[in-house]
Amino acid sequence: MKSVLPVLTIVGAIFAIWYGAAVWLNAPWAHDVAARADRVLSLPELVADTWAQDKPKLPAPHQVAVELWDTVVGKSITSKRSLVYHAWITLSASLLGFVMGTVLGFALALGIVYNRVMDMSVMPWVIASQTIPILAIAPMIIVVLNAVGLSGLLPKAMISMYLSFFPIVVGMVKGLRSPDGMQLDQMRTWNGSRMQEFFKLRLPSSMPYLFTSMKIAMAASLVGAIVGELPTGAVAGLGARLLAGSYYGQTIQIWSALIMAAALAAAAVALIGLMQRVVLKRMGLS
Amino acid sequence: ADDLSLQLKWVTQAQFAGYYVAAEKGFYEEEDLNVTIKPGGPDIAPVQVLLGGGADVMVDWLPSALAAREKGAPIVNIAQPFAKSGLMLTCLKEHGITSPADFPGHTLGTWFFGNEIPLFSWMGKLGYATDGSEGGVTIQKINFNVDPLLQKQVECATTMTYNEYWQVIDAGLTPDDLVVFKYEDEGISTLEDGLYTTEEKLADPAEVDKLVRFVRASMKGWKYAEAHPDEAAEIVLENDSTGAQTEEHQKRMMGEIAKLTEGSDGALDEAAFQRSAEITMEGGMITAMPEGAFTHDITDKALN
Amino acid sequence: MIWLVLGIAVWAGGWALNVWLAGRAKSTATSLAVPVVFGLTLVVIWECLVRGLEISPVLLPPPTAIGARFAASTGVLWEDFVQTVIKGALSGYVIGCLAALGVALLADRFVFLRRGLLPVGNFVAALPIIGLAPIMVMWFGFDWQSKAAIVVVMVFFPLLVNTVQGLQASEVMQRDLMRTYAAGYWTTLIKLRLPAAMPFIFNGLKIATTLALIGAIVAEFFGSPIRGMGFRISTSVGQLALDLVWAEILVAAIAGSAFYGAVALIERAVTFWHPSQRRRT
Amino acid sequence: MQNKSLASSEAVISARNLGLVFPTADGSVEALKDVSLDINKGDFVSFIGPSGCGKTTFLRVMADLETPTSGEITVNGVSPEEARRARAYGYVFQAAGLYPWRTIGGNIRLPLEIMGYSRAEQAERVSRVLDLVELSGFEKKFPWQLSGGMQQRASIARALAFDADILLMDEPFGALDEIVRDHLNEQLLELWKRTEKTIAFVTHSIPEAVYLSTKIVVMSPRPGRITDVIESPLPRDRPLDIRDTPEFLEVAHRVREGLRAGHAYD
Amino acid sequence: MQNKSLASSEAVISARNLGLVFPTADGSVEALKDVSLDINKGDFVSFIGPSGCGKTTFLRVMADLETPTSGEITVNGVSPEEARRARAYGYVFQAAGLYPWRTIGGNIRLPLEIMGYSRAEQAERVSRVLDLVELSGFEKKFPWQLSGGMQQRASIARALAFDADILLMDEPFGALDEIVRDHLNEQLLELWKRTEKTIAFVTHSIPEAVYLSTKIVVMSPRPGRITDVIESPLPRDRPLDIRDTPEFLEVAHRVREGLRAGHAYD
Ligand SMILES: Nc1ncnc2c1ncn2[C@@H]1O[C@H](COP(=O)(O)OP(=O)(O)OP(=O)(O)O)[C@@H](O)[C@H]1O
Ligand SMILES: Nc1ncnc2c1ncn2[C@@H]1O[C@H](COP(=O)(O)OP(=O)(O)OP(=O)(O)O)[C@@H](O)[C@H]1O
Ligand SMILES: Cc1ncc(C[n+]2csc(CCO)c2C)c(N)n1
Ligand SMILES: [Mg+2]
Ligand SMILES: [Mg+2]
C-alpha cells in the first residue's frame, strides 16, 4: 500500500507526457485538415482537436479509456465486440502455453544439468531455435497442426510454449547449478541419489532463478499467443483485434487491445511475484 | 452433407461476401454441402493451408497462384468470380502528382504480397528506375493500411477501390484531395479473387462433384450479394468474429465489390488470364507461361 | 520408406557417436563436435522426412534446397544481415540493455521510484511487440530506427527483472562488511552488489540476445525498406519462396547463436567465481 | 544524558542497559538483556561465553550492524552509526566472508580502495598484512582455492590493512593451529601497543583471552547478559611465557569459573 | 596389490603414497605428497598441522570428494567411491554448510530422509542429537537465526544422526567455548567407545587431539605431508582429568614439537 503514491506519481507523469505527445504527434494532421478548410487553428483549438481525432497517430489517454470502458464494461462478455471475450481467448492460450513451456523448459534444464551429452549438444540448438522468427514459422506450425487435426487453443499454446520455454531453460540451468561445492559434497557423502540431490538441494537452490525466469516466460507466452492468433486467420483474441485495428487504421482500438494485453501480462507477472514472495518466505530465503 | 472448407485470402470482410451469403442463405445446404469458411490474414499463405490439407478450396490472386504453381504447388483455378481488378495507386494531390509523368522523384508505397509485381512492370513500361536513383522513383514496402500515405511517409500508396481508398476518405480527405490510377485503366491489371484447388482433387470424380456444387452455390451467393448489398454486408458483419468491422465501411465495400464481380458468371476469361500471366512474367514472378493452371471443367458443369 | 528408415538409423548413429564423444575427456574439439554432430543428425533426419513423406516444397523445403539457395544468395543475405542484425538488433540491444540497467539501478537507489517505476515498468514492458511494431514504425519511420526501438522494448523487461533480482543477491555478511567500511551507496554497488548480481544480469543478457534478433526481424514485417531479413522472409512467404525463407532463418540462427555465444563467453570471464561456472571435473 | 556522566571520560564505547530481541516465526529470542559496559580508549577487551550468548550480537550492535531494542550505546561519544560513518571500525567477522570474485589480494585491497588510499600505499599495505598473516604468495589465489584457516587469516589481514581506531574481532583465530595462533597473538599485542587501538575481541580460548586482554567480559546465555567483568592485573608487556605465571593462572581460573556458571551441566 | 599386504589386516582406511595437486591459474599447488597411512577399525585418529597443510584435502580424499592425482587409497578394502556409495561416512565439514532453506531440524533430518529412515525414527533421532549438542528448542529456527557456534553444533548433530561406520570430522569444535567443547569431547568419546566407529578428526587444539585420539597424525605444509604419527599410550577410558597426567603432557609435548617443526618461525 506504500506504493500507491509512487505509482500514482509515475502514472501521472506518464499521462502528462502522453497528452503532450498526443498534441505533438497529431498536430500535423490537424493542421492539414484545417489548411484544407482554409483555417488556422488557435492553440486551444489545436489541443482540443489533437485529443479528439478519429484515427490519431497517438490517441489521448481518455480516448483509449473510453474505448476500453465501452468494450470491457459496455458489452456483454460473450459478445464478439467485448474486449473481455477476446482477452480471455488470448489469456487461455497463453496460460496453457506457459504451463507447457515451463514444463518443457524444466525438462530440458534437467536433461542439460544431468546428462552430459545433452549438456554438450542441446543448448546451442535451443538457442538457435529462439532465433527463428516465430512470425515466419507460426503459419507453418499452424498449418501442420491443422493438417494433423489440431486446431483452436492448442496451436496457439504451442507457439506460446515455444517462446516461453527458453527463459526457463536458461534460468533453470543456472539455478540448478547454483548450489556450491560444499552443499553438493554433503550430498555425495550421504550418497544421495540423483533424485534426492535434485529435490533436496538443486531445486530449492534454484528457486530465485525459477521465479525470475517464470516472470519473463509469462510475458513471452502472452506475446506468443498473440503471434499465434495472427495466422489462425485473425479470428478472435487480442492479436486479431490488433491486426484488424491495424488494417483499418483504428489506432484507438489498437491501443486499447495493447493496454489490455499489457494488463493481462502485468497481472500474471504480479501473480508469479506473489507466489515468489510466499514461497521464498516459507523457505526462509527472503 | 459433404464437408468442404474454404480458405480466404484475407480477414472477414465484404470482399468475400458471396461465400458468407451462400452459407447464411442456405445455398450450400441446398447443394448438400457443409462449408467451413476460414478467414485469412497477412501471415496466412492459403496455398500452404491447401497443400497441408487444411482446406479444400482457396481464394487467391492469380499472380501469387501462378508463382506457387511454378514453385511446385499443383494448384488450379476452377472459377473466377471477380471479373475486374480493384487495385489502384492513390496519391495525395498536394504532392503535385497528376499523371504518371509526375512520378519521378516520389516515393510509391506498395504491399509486397505479389502486389508489387504489376507496379514494377508498370514502372518498367514507363521507363523509371525503382531504386530511388535520379529520375526514378522509390518503391517502399508498406503494410496493409493507409497510415503511411496519411502521415506522408509515402506520396502514393496501393489501395483497393473497395477498402483502403475509403479509409483515406474516412480519414477526412476528400476525393478532390486525391489522384487515383486504377490498374484496370493503366493496362496492368491482373485477375484477383479466384477459386483454386489441387490437381489431386480434380482427378477424383467425387471431389469434382463436390467442387461443382460448391462453385454453383458460391456464384449464387455472389449474385445475391450483388443484388442485395446491404443485406450481404450485414451477413459479413455477423460473421466477423473479431468484432472490429463497422457497418458503414462494409456496406460501402460491398457496393464496390459488386462492381468487380459484376459480369462474371464464375467462368474464367482466358484473355484476362493470358494478360495477367504476361504481366506476372514481366514482373519476374514466374519464368515461363503456365500450363494447365486453370480448368473450365468445374464452371462448365456448374453452369449447366 | 527407405528414407524414413535411413532417418532413424542416422538418428541412432548420431546419438551413439555423441555418447561416445561426451564420454571422452572434455576438450575444445569434443565440446564443438558434440553439438555439431547433434545438429547434423537433425538436418539429415529433416531431409529424410521431407523426402520420405514427400512433403511439398512450398510447405517445407529439404535442407539441401535451403543450402543451395543459401549458397546462391549470399549477396542478398549479407545485405539483409547488415540491415537487420547490425543496424537494428545490435543498436537496439545496446540501448535497451543500458536502459534496463539504468532503470534497475534507479529503482534500486530510490525507494520511491522502485515502488512506482517497477510496477509501471513491468506493465509497459509487457506490451506485446507485435502490437508495438506498427506504432514504432509509425513513430520512427521505416528504416532501422524503428526496429531498434522495438528491440529496446523487448530486451528491457528480461534484463530489468534479472537485474533487480540480482541486486538483492549479495549475502548479509558481505553487505555488513561494506557497512563497517561506511561505504556509500555507489561504492557498495560497484564493489559488491553489481559483481554479486552478475550471474543474474548475464542471465538476462543472454535471453535478450535472442529476443533482440526476433524483435528486429519481426518488426520488419510491419514496414521496412526493401531489404532486411524480416522483409525478405515476409515477402518470400508471400511468394512461396520457402527456400529463401529458410536460408534467412539459417542466417538468423547462426547470427543468434554467435551473439549468444559471445555473451556467454563474456559471462564465463566475468562470473568465473560463480559455482555454476566453476564446474567440477 | 544522565548516562553520559556515568561513563568514564575516556570511554570509547559505553553501553547502558542494552537489550536486543530478535523476533522470529516461533517466538522472540532475547539475544542481549540489560547489558552495561564501558570500554576505555586503548582497552583490549575480550568477550567470552557459551555459544549463543550474544557475543556476536553485542559486537554487531557496537558496529551499528544491529539496532538495540532498548538501552543506549555511544561510541566515541556519538552513536554507533556516526562512528561507523567516520570509519572508526575494523571488523573481522566470525566467518571469513571473502568476496568470491576477488583474489585474496583484491579482498584485502577492498577497504583500502574504498577509503581512498593511493595505489602505491595499497600495494604496500597489502603485502605487509599478507606477510603478517603468512599468506605471502597467495595474493593471486581466489578464496575457494584456500583452506579454511587461510581464508580466516585473509579476513584478519583485510581488517588490519587500514587504520581503524576500534578493532572488532569475532573469533578471528578459531580455525588456526596453536603455533600460528600464538604467533598472531603476539603480533596483535604488538600492533595494539604500537597503535593504541581499542580492541573488542571474541574468543573461546580462556588462555587467549587472559593473555591478550586488559579486561575480560564473561557472558551467559538466554537471555544474553554480562555475568562478570575481570580487569586483568597483568602488565601491558606480555611475553608468551607469562602464561605460566600464577597471576595468569588465577585470572584464567576466575574466567573458567564464570564460564562454567553460565552452563547448564556440571 | 603389494600395498595391500603391507596394510594391517584390520585397516579400515589405507593410503599408499597419496599425492594430490591442484592446478590453479598461477601454478599448481601440491596439497598432498607421498602420504601413506593405515587407520584401523575402531581407531580415533586426529590430524593436526598448520593451516593449509592438507588436512581437509586428505579427509576429502578419504570421502571420495577429491580424487588423488597419484598413489592409492582403500576404504574397507574397496575404493573410497564404493565406500561412499555404501554410505560408510558421516562427514562434518569445516564450515557448517547448512542448507539455508531448511530449519535446523530439517537440516538434521535431511540425511535421514535420504537414507530412508521412517518418519518416527527421524523425529526420534533428530531430537536425540539436538539434545546431544544442546540445541533442543532450536529445531524450528533457520540457520541464519543461529550463532556461529550453534550452526557448527547443528552440523555435528547432522553427521551423528545416522549410523555411519566412519566419521570424518573437520575441526568440528573450532567455534565452541571450552566448556561446551569439553562436554562434546566427552560425548564423542563415549559414542566412539559404544559404537566402535572409526573416527578421523581434524583439530588445532593439541590437548583435544591428545585427549581424544588413539593415533595422532602430524602434518606439515607445502607440500602437504605426514611428518609424525604418534600412537597414544593412554587407555581407552579417559576421564577429563587425564589431561593432567604426565603421560598426557608428554604426548602433548611431542605433538607440539612436531607441529613447531612444520612452521617457519621460531
Ligand atoms: N580447490 C582448490 N584449488 C586450489 N588449491 C586448493 C584448493 N583446495 C585447497 N587448495 C590448497 O591446498 C592446500 C591444502 O588445503 P587444505 O584445505 O587441505 O588445508 P587444511 O590443512 O585443511 O588447512 P586449514 O587448517 O586451514 O583448514 C592449501 O594450500 C590450499 O590453498
Ligand atoms: N538474525 C537472527 N534472528 C534470530 N535470532 C538470532 C539472529 N541472530 C542471532 N540470533 C540469536 O541470538 C542469540 C545470540 O547469538 P550470537 O550470534 O550473538 O551468539 P554468539 O555469542 O556469537 O555465539 P557463538 O559463540 O556461537 O558465535 C542466539 O540464540 C541466536 O539464535
Ligand atoms: C496477391 C495478394 N493476395 C492477397 C492480398 C490480400 N488482400 C486482398 S484485398 C486486400 C486489401 C485489403 O482489404 C488485401 C490486402 C494481396 N494484397 N495480394
Ligand atoms: Mg558468534
Ligand atoms: Mg581445513
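Q: How many residues of chain E are in contact with chain A?
A: In this predicted model, 27 residues of chain E contact 19 residues of chain A.

Q: And how much area do chain E and chain A bury between them?
A: About 2100 Å², with 57% of it on carbon and sulfur atoms. E:Tyr99, E:Trp101 and E:Ile114 supply 33% of the area that chain E buries against chain A, more than any other three residues.

Q: How many salt bridges across that interface?
A: The rule finds two between chain E and chain A. A:Asp185 forms a salt bridge with E:Arg60, and their closest N and O atoms are 2.6 Å apart.

Q: Which element of chain E gives the largest share of the side that touches chain A?
A: Helix 4 of chain E, with four residues. The residues on that side of chain E divide into 18 nonpolar, one polar and eight charged.

Q: Now the metal. What coordinates the magnesium ion, ligand 5?
A: E:Thr56 through OG1 and E:Gln94 through OE1, at 1.9 to 2.2 Å.

Q: Where do E:Thr56 and E:Gln94 sit in the chain?
A: E:Thr56 is in helix 2 of chain E, residues 55–62, and E:Gln94 is in the loop between strand 5 and helix 4. The two are 38 residues apart.

Q: Why does E:Gln94 count as partly exposed?
A: Because its relative accessibility is 22%, and buried means under 20% while exposed means over 50%. E:Thr56 is also partly exposed, with a relative accessible area of 24%.

Definitions and conventions
Residues numbered from 1 in each chain as written. Chains lettered and ligands numbered in written order. Predicted model: local features only at pLDDT ≥ 70, side-chain atom pairs only at ≥ 80, totals over all residues. Heavy atoms only, no water. Contact = heavy atoms within 4.5 Å. Buried area = accessible area lost by both parts, 1.4 Å probe. Salt bridge = Lys/Arg side-chain N within 4 Å of Asp/Glu carboxyl O. Nonpolar A, V, L, I, M, F, W, Y, C, P; charged D, E, K, R; others polar. Donors = N, O, S within 2.8 Å, 3.2 Å for Na, K, Ca; no water. Buried < 20%, exposed > 50% of the residue type's maximum accessible area, 1.4 Å probe, protein only.
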